[in-house]
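Here is a friendly walk through one protein model. Have the viewer open as you read.

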Amino acid sequence: MITRLTLVLFSALLAGTADAPAGDKTDVIRDLAGRVGPIVGSALACRDIARPRIQAIVDKFTAVIMEASSNEAERSDLTQSFDRSVADGRGAVTTGRTDCRSADRQLTDLERSIAGPAPSVAAIAPSSAAATSPTAPVAAGSPVRGVTDQEIRFGIAAPFSGSAKELGRQMKLGIDTAFNRVNETGGVEGRMLKLIAADDGYEPTRTTDAMKQLYEKDQVFGIIGNVGTPTAVVAVPYALERKMLFFGAFTGANVLRHDPPDRYVFNYRASYAEETDAVVRYLVKLRRIPIRQIAVFAQQDTYGDSGFAGVSKAVRALGVSDAAIVRLNYKRNTVDVDDAINQLKLQKPPIKAVVMVATYRAAAKFIEKTHDLFPGMLYTNVSFVGSTALADELMLLGPRYASGVIVTQVVPAVSGYSSMVLEYKNALAKYFPGEAPDYVSLEGYVAANVLIQGLKSSGSQLDTEKLIDVLENTRNFDLGLGANLGFGRAEHQASHKIWGTALDDNGKYQAIELE
C-alpha cells in the first residue's frame, strides 16, 4: 500500500532538492524509487490505465533523478534501482499479488500528492518524522466535485460481469480510448480525463450501489456511458437528484428523452423509437412484409418495453392498428427463449420477420432455435444488441445462422473509411493493441469526443452548470460522422442518424440501405 511518507517525499522532491545535502538526497531518492517504482510498474501492467498518466509520473521522477545526481554513475545507479522496482510492480499484477483496481487507486494517490505544495527535501531527509507530522502541508481541495488542477474524474456504471458484460467492457474501452487520446496531448486545460468503472451486472437492483460508489467514494464529476435501460431507470433519478451530469448512455430508451429534456441528461445516440421506425419501414416498404407477419422478440423489462413501443409507434405511423403486434418475451440476463418460440409457433399467418430488442446471447439463442423451424425468417436487431458479440455468437453456430441478420446502428460502419472511424481505429490500435474495432466501443469513443468538445469549450473554470450551458449552446459541429451533431435547450440528443447493416457469410457487417 502506498504510504503518506511516499506521497510527501515525492511531492517534496518535485518541489526542489537544492537545499538537501547530496548524500541525503540520493538516499531519499533510492528509497523513493523502491516505493514509486512498484506503483508505476503495476499501472503499466494494466491496459485500462491511461499511458499518459503513467508517463507523467515517470517523467517527473526521471527529472528528479537527473537533478539530484552529482555524476553519471550515481544517475545510472538510481535509474537502475527505479527500473528494478518498476519490474517488480509489473510482476505483482501478472502473478496476482495485486490487482488493477489497487494499481489505479495507488496511481491516483500519487498524482494527487504532486498536485499541491510540498516541503523541501532538506526538511524531510534527516527524519521521517517530519513527513508524518500533523503540520505537513497537503494539497488544497477543489470546490468542484471530481475536478482538480490535475484531472477530471468521470464514472461509468455498467455490466462488467454477467451475460451482458461485453457491452460494458466495450463501452468503457471506447471512452478510455478517447480519453487517452486527449490526455496524450495535455488533456483539457491541463487536466487529465479519468474514467472510473462500477459493475452493476445489468441488474437495476445493483445500480444504486454502483452509482453511490461513483458519487460518494470515487467523487466523480459526472457519469458517461452507462449501459442499459432498466439500470437507467434507477441511475437517472439518482443523478438528477444530485444535479450530476449523465452523459452518453448506451441506451435509446425514452426514460432519457423527456420532453422537455432533463437538464442534466444528454444523449449522443438516436433513440430506439428512431431505430425501430427505420427497420419497420424497411421491412414493410422494401421487403414487402405485411405488418401482421412481423413480431417483436423483446426483453421483459423497460428495455424491451421501449423497443416494443417504438415498433407500435412506427406501425401506427403507417396508418395501421398496432393491436395485433405479437410480442415474444424473455427474461433479462437469461437465454431462456423457449416460451417465446412456443408462442411464435402458434401464430397464423406465420411470422416472416422478427424485430429483436434483446442482448447478444439471447438474440443468438433465439435465432439458433428458430432458424430451421422458420426458413427464410428475417431477423433484425437494435444497436444495443452488441453487434460484434452477436456476430461472434452466430458464427460459432455456423455461417448460415449469421448470414442476413440485420442490425441497425447509431454509428457508421467500423469497416469504413470516414474521418471519425479512421481516427477511432488508429487510436484503438495505439492505446489498446489487439482489441478489434467494434460498434459499441466506437459509440463510446464518439460519445466521449462529444463530451470532450463541451469540456474544451467550457474553459478552465469548470463546473456542471457551466458545462451544461455550453452543451445547450453547441450547434452543428462535425466530428466526421457524415452528419452534424448538436444540442439545444429543448434538444439533448446529439444525433438522429440511423445506419443499416447486415451480416454476410463471413460474419462481417455490410452496409444496407434502409430506405
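## Aromatic pairs and charges over rings

Please keep in mind that this is a predicted model. A search of the whole structure turns up 16 aromatic pairs. One of them joins phenylalanine 61 and phenylalanine 82, which are stacked with 4.5 Å from centre to centre and 25 degrees between the planes. Phenylalanine 61 belongs to helix α3 (residues 51–68) and phenylalanine 82 to helix α4 (residues 72–94), so this pair ties together parts that are 21 residues apart in sequence. Phenylalanine 61 and phenylalanine 82 are both buried. Elsewhere, one aromatic cluster is formed by Tyr202, Phe250, Tyr272, Tyr303 and Phe384.

For tyrosine 215, the charged end of arginine 145 sits over the ring, 3.8 Å from its centre.

## An open sheet of parallel strands

Which order do the five strands of the open sheet take? The order is β2-β1-β3-β4-β5, and the pairing is parallel. The edges are held by β2 (192–199) and β5 (265–266), each with a single partner strand, so one side of each has no neighbour in the sheet.

The loop between β4 and β5 contains proline 260, and the peptide bond from aspartate 259 to proline 260 is cis, with omega about 0 degrees.

## A right-handed β-α-β unit

Further along, β6, helix α12 (residues 302–317) and β7 make up a β-α-β unit that is right-handed. Strand β6 (residues 294–299) pairs with β7 in the parallel sense over five bridges, and phenylalanine 297 stands opposite leucine 328 of β7. Strand β7 (residues 326–330) is mostly covered, with four of its five residues buried.

Helix α18 (residues 439–458) has 20 residues and spans 29 Å from its first C-alpha to its last, close to the 28 Å expected at 1.5 Å a residue. Is this helix mostly covered or mostly uncovered? It is mostly covered: 17 of the 20 residues of α18 are buried.

At the start of α18, a side-chain oxygen of aspartate 438 comes within 2.7 Å of the backbone nitrogen of valine 440. After α18 comes glycine 459, with a positive phi near 80 degrees.

## Backbone spots worth a look

A cis peptide bond also links lysine 348 to proline 349, with omega near -5 degrees. Proline 349 is in the loop between α13 (338–345) and β8 (353–357).

Arginine 288 has a positive phi of about 55 degrees, although it is not a glycine. This arginine 288 lies in the loop between α11 (272–286) and β6, and a relative accessible area of 67% makes it exposed. Asparagine 476, likewise not a glycine, has a positive phi near 45 degrees. The loop between α19 (464–472) and β11 (499–503) holds asparagine 476, which counts as exposed at 63% relative accessibility.

## A contact across the sequence

Arginine 90 lies in helix α4 and counts as partly exposed at 40% relative accessibility. Arginine 90 and leucine 44 are 46 residues apart in sequence, yet 6.7 Å apart in space from C-alpha to C-alpha.

How values were computed:
Residues numbered from 1 in each chain as written. Predicted model: local features only at pLDDT ≥ 70, side-chain atom pairs only at ≥ 80, totals over all residues. Heavy atoms only, no water. Phe/Tyr/Trp six-rings, centres within 6.5 Å; stacked < 30°, edge-to-face > 60°. Helix = DSSP H or I, 4+ residues; strand = E, 2+ residues; numbered from the N terminus. Buried < 20%, exposed > 50% of the residue type's maximum accessible area, 1.4 Å probe, protein only. Lys NZ or Arg CZ within 6 Å of the ring centre and 35° of its normal. Expected span 1.5 Å × (residues − 1). Polar contact = N/O pair within 3.5 Å; in protein donor to acceptor, adjacent residues only side chain to side chain. Pairing = 2+ DSSP bridges. Right-handed = clockwise from strand over helix to strand, strands pointing away.
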